[in-house]
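Subject: Handover of a structure

Dear colleague,

Please find below the structure that I am handing over to you.

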Amino acid sequence: MKMMMTRATMATIAFSSPGSGTCMLSLPPHFLSSSHNTFHSKSLNFNTLDDALSSFNRMLHMHPPPSIADFTKLLTSITKMKHYSTVLSLSHQMDSFGIPPNIYTLNILINSFCHLQRLGFAFSVLAKILKLGHQPNIATFNTLIRGLCVEGKIGEVLHLFDKMIGEGFQPNVVTYGTLINGLCKVGSTSAAIRLLRSMEQGNCQPDVVVYTSIIDSLCKDRQVTQAFNLFSEMIHQGISPSIFTYNSLIHALCNLCEWKHVATLLNEMVNSKIMPNVVIFSTVVDALCKEGKVMEAHDVVDMMIKRGVEPNVVTYNALMDGHCLRSEMDEAVKVFDTMVCKGFAPDVVSYSTLINGYCKIQRIEKAMYLFEEMCRKELIPNTVTYSTLMHGLCHVGRLQDAIALFHEMVTRGQIPDFVSYCILLDYLCKNRRLDEAMALLKAIEGSNMDPDIQIYTIVIDGMCRAGELEAARDLFSNLSSKGLHPNVWTYTIMINGLCQQGLLAEASKLFGEMKRKGYSPNGCTYNLITRGFLRNNETLRGIQLLQEMLARGFSADVSTSTLLVEMLSDDGLDQSVKQILSEFLQ
């Protein structure tokens, strides 16, 4: 018995020694031939959580119990299944049975707490590591750094990083990669680049993952030239790009409509023996479709099929959207049918895309049929689906049906977003149902959402349309108390409301204020205020505004031009004024 305990203790000590920065287990050769390993090899190979729990219960009641190594391997397997709460529960049972943890077990606990976004508990495990006399390893710090990065706590990450180095731990490529990815995720690309340069000057050389994180972040920041410079630098360093590197660059080029460069990069991939996958091809197809190049998008799909890459639902959805944007609904339906024939089940995006297409051409009954069909197929419409259909209903004058659909959305557990609320508010205001609009605004203010300037602008517009100028004035004046600032459209609506009530001096004052505050009037602003002055017989001021509008590169719209024609037909208008006005119609 004494000899058995000694062997177990030796095995545990060997297993608990500080590792190389990973959570992989490294057991001595004599342990691999022990009776405990026989149990492990037969009992720890399982495919389901139930199998793992059965093995754990058997291990827990063995006398003597298996080594901590076997328990650690079992917990690692459960972690890979992403049953993090179960890992914590089993660890608690091990404690109650007097099975002492080692650094690897404790690292697994830290990892589980981080995945459950319980960072406070993760750091308490770090304290436990130190209290038990264990030495944290690089894997301990890497796991904590990843957990902080996931929650966007970059300040705390940098503090932990500095503390780790201060304690004598050398960060490895995983540490740097995790921190750089975290910085990129919060938009601190320049800081990520500085850390990359720090890596290059030290003993830890960056790998393709590190470079790709920064390249992707630069692409998202639309700093594509800098991204390609870093791409060239990476290749010069002898580091081969991955498919993810190419995907980031191709996506950025597609956003810029740099189709020739996209083709060049695709050919470069093939020459490098990296075959573009369905994600990359679908990215190109989607970008082409958004630019109206649907035929070219079909050519790309044909090419990917020839290369042995099967289009997926995302690819077909992009094609459908391209046809819908061009109001080619028959072609969109053909793509839908092809997708089904190929064995792909349409998803919520597929149906939402077609519904949007039919709503755009005001075939609302067809859109409603598709909505009902997706519900019959047990596909749950999302907020986008509901908002699309609500807007379609409102556009054809079926506001009451849109309101009913809104209530159905809420009843079915879909939380309305700003788009949903804006659609209803806009059409309630346009239909002068101001009381209902105000009730909806109060509901928004009482929810977890913070209404933005767009929502308040819609309401101010509704108040002006309904002749409630005083209420519009009050809401406009109180925007700053809500932490909001009027935008060009808010000013334009308020100026138009004042002009319609003949309050030209106040409208002119507000027009000057928006310019002083850095909000440049647009063509709509100029046309509305110009018509306000002309209709209220302030012809000279109206002419000044027309001249200013033209000098800024804007032109008279249809309503303004029509008003000028009417004024030229007025026999009572001075001929010199008519001469000036006629110049604006040439």
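This is a predicted model: local features need pLDDT of at least 70, side-chain atom pairs count only at pLDDT 80 or more; totals for chains, interfaces and linings use all residues.

I begin with the helix pair. Two packed helices are described by the angle between their axes and the distance between the axes. Helix α14 spans residues 224-236 and helix α15 spans residues 243-255; their axes come within 11 Å and cross at roughly 155°. Angles over 145 degrees count as roughly antiparallel, and α14 and α15 are therefore roughly antiparallel to each other. The crossing in which α14 passes α15 is left-handed. On the α14 side, the contact is made by Val224, Ala227, Phe228, Phe231 and Met234, while α15 contributes Thr245, Tyr246, Leu249, Ala252 and Leu253. Sorted by class, this contact of α14 with α15 comprises nine nonpolar residues, one polar residue and no charged residues.

What does Ile460 contact, leaving aside its neighbours within four places in sequence? Its partners are Ala472, Leu475, Phe476, Leu479, Thr490, Ile493 and Met494.

Thr385 also deserves mention. This residue lies in helix α23, which covers residues 383-395. Thr385 has a relative accessible area of 0% and is therefore buried. Not counting residues up to four places away in sequence, Thr385 touches Val348, Ser352, Ile355, Phe371 and Met374.

Most residues other than glycine have a negative phi, and most peptide bonds are trans. The peptide bond from His63 to Pro64, however, is cis, with omega near -5°. Pro64 is placed in the loop between α4 (49-60) and α5 (68-80).

Cys257 is not a glycine, yet has a positive phi of about 60°. Its place is in the loop between α15 and α16 (259-271). Because its relative accessibility is 27%, Cys257 counts as partly exposed.

Arg432, likewise not a glycine, has a positive phi of about 60°. Arg432 is found in the loop between α25 (418-430) and α26 (434-445). Is Arg432 buried or exposed? With a relative accessibility of 58%, Arg432 counts as exposed.

Yours sincerely

Conventions
Residues are numbered from 1 along each chain as its sequence is written. Side-chain values use heavy atoms; hydrogens and water are left out. Axes are lines fitted to C-alpha atoms, for helices over the stretch in contact, and angles run from 0 to 180 degrees between N-to-C directions. Helices (H or I, at least four residues) and strands (E, at least two) are DSSP runs, numbered from the N terminus. Angles under 35 degrees count as roughly parallel, over 145 as roughly antiparallel, 65 to 115 as roughly perpendicular and the rest as oblique. A crossing is left-handed if the near helix is turned anticlockwise from the far one by less than a right angle, and right-handed if clockwise. Contact means heavy atoms within 4.5 Å. Ala, Val, Leu, Ile, Met, Phe, Trp, Tyr, Cys and Pro count as nonpolar, Asp, Glu, Lys and Arg as charged, and the others, Gly among them, as polar. Buried means under 20% relative accessible area, exposed over 50%, partly exposed in between (1.4 Å probe, protein chains only).
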